[in-house]
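Subject: Structure handover

Hello,

Here is the structure we discussed, for you to open alongside this message. My notes on it follow below.

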Amino acid sequence: IVHWQGEPYFANLYFDHAAHHEYNVFYQNDYVVCYRLPLNRTIPRPDFNNVHFIGKGLIDEQPVYHWTGRDAARRVNYQVWDRQSNRRDIVRIDVDHEREHRAESFTFYEWDLTRQDPSIFTIPEEVKRQCNRATEADRLELF
């Protein structure tokens, strides 16, 4: 659930890096709206070489290690929690973007090592036909 236009909506965001398009689809009761924007960013590739161990804890009752780091060039602070196991799967990442005054938190409940069903990345055709084209300049007004 996201807040868009001052109201709560369900949202699906699709990033088609091959076509350089981003689709933002918002759902509320029986209403659906879609915006297609240019995708001008790359897939983030986190660099954990400069993280510092700060302790242990629990996330959803799972023992985790807690790390913190900073990307000074991009003014981004982050925290990472990984499982206290041989696999060391990442459980959660928190990111604080100083420049943009926003923070994000991602919790990972499972890691699938197989191919995903491509249908989860497919926008329903009826929604896609109604998708509004927007420019990068529209992004600030719309979102």
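Which residue in E6 does Lys56 stand opposite? The residue opposite Lys56 is Tyr65. Please keep in mind throughout that the model is predicted.

The E5-E6 hairpin

Strands E5 and E6 run antiparallel and are joined by 7 bridges. Together E5 and E6 make a hairpin, with 2 residues between them.

Asp60 has a phi near 50 degrees, which is positive in a residue other than glycine. Glu61 is not a glycine either, and its phi is positive at about 65 degrees. As for solvent, the cut-off for exposed is over 50% relative accessible area. Asp60 has a relative accessibility of 54%, so Asp60 counts as exposed. Glu61 has a relative accessible area of 76% and is therefore exposed.

The five-stranded sheet

A separate item is an open sheet of 5 strands, in the order E1-E2-E3-E4-E10, with mixed pairing. The edges are taken by strand E1 (2-4) and E10; each has a single partner strand, so one side of each has no neighbour in the sheet. As background, strands of a sheet pair through backbone hydrogen bonds, in either a parallel or an antiparallel sense.

Going along the order from E1, the pairings are as follows.

- E1 and strand E2 (residues 7-16) run antiparallel, joined by 3 bridges. Trp4 has Glu7 as its bridge partner in E2. The hairpin of E1 and E2 has 2 residues between the strands, and Gln5 takes a positive phi near 55 degrees in it.
- E2 and E3 also run antiparallel, with 7 bridges joining them. Ala11 stands opposite Phe26 in E3. Their hairpin has 4 residues between the strands, and here His20 takes a positive phi near 60 degrees.
- Strand E3 (residues 21-28) pairs with E4 in the antiparallel sense, over 8 bridges. Tyr27 has Val32 as its bridge partner in E4.

The disulfide

How many disulfides are there? The count is 1. The disulfide joins Cys34 to Cys131, with an S to S distance of 2.0 Å. Cys34 belongs to strand E4 (residues 31-38), while Cys131 is in the loop between helix H1 (125-129) and strand E10 (132-133), so the bond ties together parts that are 97 residues apart in sequence. The torsion about the S-S bond is about -65 degrees, which means that the disulfide is left-handed. Cys34 and Cys131 are both buried.

Tyr35

Tyr35 is a residue of strand E4. Is Tyr35 buried or exposed? The cut-off for buried is under 20% relative accessible area. With a relative accessibility of 13%, Tyr35 therefore counts as buried. Between Tyr35 and Cys131 the C-alpha to C-alpha distance is 5.3 Å, although the two are 96 residues apart in sequence. Cys131 is also among the contacts of Tyr35 once neighbours within four places in sequence are left aside; the others include Trp4, Phe26, Asn132, Ala134, Leu142 and Phe143.

His21

His21 is found in strand E3. Its relative accessibility is 19%, so His21 counts as buried. The side chains of His21 and Arg36 are joined by a polar contact of 2.8 Å. Not counting residues up to four places away in sequence, His21 touches Tyr14, Phe15, Asp16, Arg36, Leu37 and Leu39.

Regards

Note on methods:
Residues numbered from 1 in each chain as written. Predicted model: local features only at pLDDT ≥ 70, side-chain atom pairs only at ≥ 80, totals over all residues. Heavy atoms only, no water. Disulfide = S-S within 2.5 Å. Buried < 20%, exposed > 50% of the residue type's maximum accessible area, 1.4 Å probe, protein only. Pairing = 2+ DSSP bridges. Polar contact = N/O pair within 3.5 Å; in protein donor to acceptor, adjacent residues only side chain to side chain. Contact = heavy atoms within 4.5 Å.
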